[in-house]
Amino acid sequence: MIRLTDIQKLSDFEWMIPSTFRQGMKANVHIIASGSILQKSLEDQALEQAVNAAFLPGLVGEVLVMPDVHQGYGFPIGGVAATNVESGVISPGAIGYDINCGVRLLASHVNIRDAEASIHELLNALYSAIPSGLGRGGLSGLQRKQLEKIMQEGSSWAKQNGYAESSDLELTEDLGKMGKADPSKVSPRAVERGLQQVGSLGAGNHFIEVSKVEEIYDQDAANVMGLFKDCLCIMIHSGSRGFGHQICTDYVQKFQQISKKYAFSLPDRELACAPLASAEGQAYLGAMCCAANYAFCNRQVMAHLARQTFERVLTKNCKHPYLYMVYGLAHNIGKLEEHRVGNEKIKVCVHRKGATRAFGPGEPEVPMKFKKIGQPVLIPGSMGTFSWVLTGTAAAMQKTFGSSCHGAGRVYSRKGARKLFRGEQLMQELQEKGIDIFAGSMRGLVEEAPQVYKDVDEVVESVVRADIAKKVVKLRPIAVIKG
Amino acid sequence: MTTKQGFKEIEHTADAALHVWGTTLTEMFQQAALGIYAMAGAQADDSSPIHRSIHLEADDLETLMVNFLSELLFFLDEGFLFQVAALQINQNKLDGELSGSRVVQIQKEIKAVTFHDLQIIRSENCFQTSIVLDI
């Protein structure tokens with residue numbers, strides 16, 4: 001059990017559990033959080049899981065914990081760990097089952113004033129156009145060869161097939177395509193699941209949100225991103241569906257034996273891993289990249305459907321109702337990156353589970369358009385609360401392997417949420433706040449009630465005060481489709 | 001545990017967890033299957049059942065449990081809810097006969113069965129474990 005007295009204060013928004021805290025830890029745990037968020041984080045197993053993550057072989061630098069941290073399984077959600085590509089491991093559980101779960105933000109020049117009367121119709125049309133909820137949906141009749149292309153090409157496949165514009169790809173992390181994809185490392189079962197679900201939202205905490213820019217904090221950065229006061233935006237949060245879940249399931253199971261073979265001493269079986277340089281590690285990397293590309297393509301197809309729907313519905317009342325890409329990113333992923341640690345530049349695999357890449361200005365991976373301001377960082381709120389757009393900083397490159405938080409982070413269990421809230425009442429409360437809701441299931445809606453999440457504004461304040469991100473704009477939700 | 005076999009949802013911040021128990025290993029595995037269906041809110045139609053056999057083998061019972069429940073989740077994703085008609089577990093090997101119908105409703109997507117904190121505990125006349133599911 002970890003107590004507050006075990007944690008050293010580095011500043012008002014940075015804390016550390018030293019590697020001497022428990023025998024076998026290979027790195028410090030560095031926590032980005034306000035004092036009150038830190039205190040709350042001690043109430044579940046989140047920090048215990050961060051300490052467990054510090055046992056991963058071949059860690060470089062520190063294990064990072066973001067302020068939206070909460071208990072997951074094995075590795076905390078809101079955690080970042082970098083391993084040496086030559087001497088370190090890759091751990092599927094430290095990336096998560098929903099490989100490349102992520103967010104993309106689209107914006108328009110449409111002012112909310114001109115569109116207000118059409119919002120319900122827009123929500124209705126988006127709900128019809130984009131399959132959500134459980135199971136199948138999306139592009140029908142997809143063949144295995146096409147799926148193989150999606151695994152290799154990601155968003156490029158979408159572009160080649162009329163579901164994307166060039167700027168969509170340019171403004172997506174890794175251009176919407178990870179290069180190490182190897183379809184031969186994907187199981188037939190994952191393929192079977194993947195064939196049915198390209199272009200579908202899924203369930204759980206996945207959503208499509210219509211919002212407006214509420215407040216601008218950095219006018220220059222907002223201008224660069226094409227975000228204007230009161231303009232309508234659409235945010236899509238989804239991942240690699242059953243395809244990614246199956247790939248992670250397959251490899252967590254395989255790596256149980258691999259961890260034994262390499263005699264890794266791990267405090268949790270869900271952290272099972274393989275040396276990244278080994279055949280097993282490379283196999284998972286190849287399969288994980290396939291799932292990442294699948295998710296990039298999935299969100300791209302949904303963005304395309306959202307764009308068509310937006311134009312069709314709003315063309316009556318608004319001039320040029322066109323949705324352009326702001327940015328798209330991953331927040332459950334393993335990335336091969338080069339980072340400066342001390343005086344050395346080291347090639348690492350950065351495991352980000354519930355954490356967002358937040359590269360600062362001038363970094364080569366940041367799209368040309370954002371070179372001066374840094375990479376956009378998208379922080380979805382929780383139905384009833386604000387979402388945020390931030391930018392990465394130079395300090396994030398030094399402190400957190402260029403990473404930031406990914407959302408608000410849960411504080412209440414799903415079971416607890418069902419005891420506390422009722423679906424109809426929650427819907428009414430949200431509608432009174434001016435938020436229109438479509439939900440696949442009332443039970444799912446209740447489990448995702450805004451009150452079960454931390455205060456997203458405090459989470460954002462923590463990353464900003466720790467200097468790993470800068471505020472650009474705040475978005476107010478207007479209408480939400482919950483999967 | 002007021003009954004000899006059963007399942008119960010337990011608190012977990014982000015995901016979901018089940019406590020399952022039975023007087024035999026087989027009972028506990030069957031309860032785990034019922035538990036994930038209940039958690040998913042899965043309901044099937046009354047079409048004539050289809051039958052499927054499963055044969056699994058693992059290094060230990062915990063892995064066997066993850067494999068077993070992962071099979072059922074895969075079938076669920078395919079659109080079939082399979083009840084366990086017969087089950088035998090012997091030396092980390094599982095042989096089962098399943099009887100399934102088409103899923104008509106699911107309320108919650110369970111992404112995966114995890115190894116986190118998974119430990120099958122055997123005491124006198126009772127097998128029990130907790131299972132954390134990724135939601």
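Modeller: Two residues are in contact if their C-beta atoms, placed from the backbone, lie within 7 Å. Please note that this is a predicted model.

Biologist: Which residues does Asp250(A) touch, leaving aside those up to four places away in sequence?

Modeller: Asp250(A) touches Ser187(A) and Ala190(A). Asp250(A) itself sits in helix H10 of chain A, which covers residues 241–261.

Biologist: Is Asp250(A) buried or exposed?

Modeller: Asp250(A) is buried, because 20 other C-beta atoms lie within 10 Å, and the cut-off for a buried residue is 20 or more.

Biologist: What separates the C-alpha atoms of Asp250(A) and Val224(A)?

Modeller: They are separated by 42 Å, with the two residues 26 apart along the chain.

Biologist: Let us turn to helix packing. How do H4(A) and H11(A) cross?

Modeller: The axes of H4(A), residues 119–129, and H11(A), residues 279–314, come within 9 Å and cross at roughly 145°. The crossing is right-handed.

Biologist: Which residues make that contact?

Modeller: H4(A) contributes Glu121(A), Leu122(A), Ala125(A), Leu126(A) and Ala129(A). By class, the contact has nine nonpolar, one polar and two charged residues.

Biologist: And between the chains, how many residues does the contact take from each?

Modeller: The contact takes 36 residues from chain A and 29 from chain B. On the chain B side, H2(B) gives the most, with six residues. That side has 10 nonpolar, 10 polar and nine charged residues.

Terms used
Residues numbered from 1 in each chain as written. Chains lettered and ligands numbered in written order. Predicted model: local features only at pLDDT ≥ 70, side-chain atom pairs only at ≥ 80, totals over all residues. Axes fitted to C-alpha atoms, helices over the stretch in contact; angles between N-to-C directions. Helix = DSSP H or I, 4+ residues; strand = E, 2+ residues; numbered from the N terminus. Left-handed = near helix turned anticlockwise from the far one by under 90°. Nonpolar A, V, L, I, M, F, W, Y, C, P; charged D, E, K, R; others polar. Buried ≥ 20, exposed ≤ 12 C-beta atoms within 10 Å, placed from the backbone.
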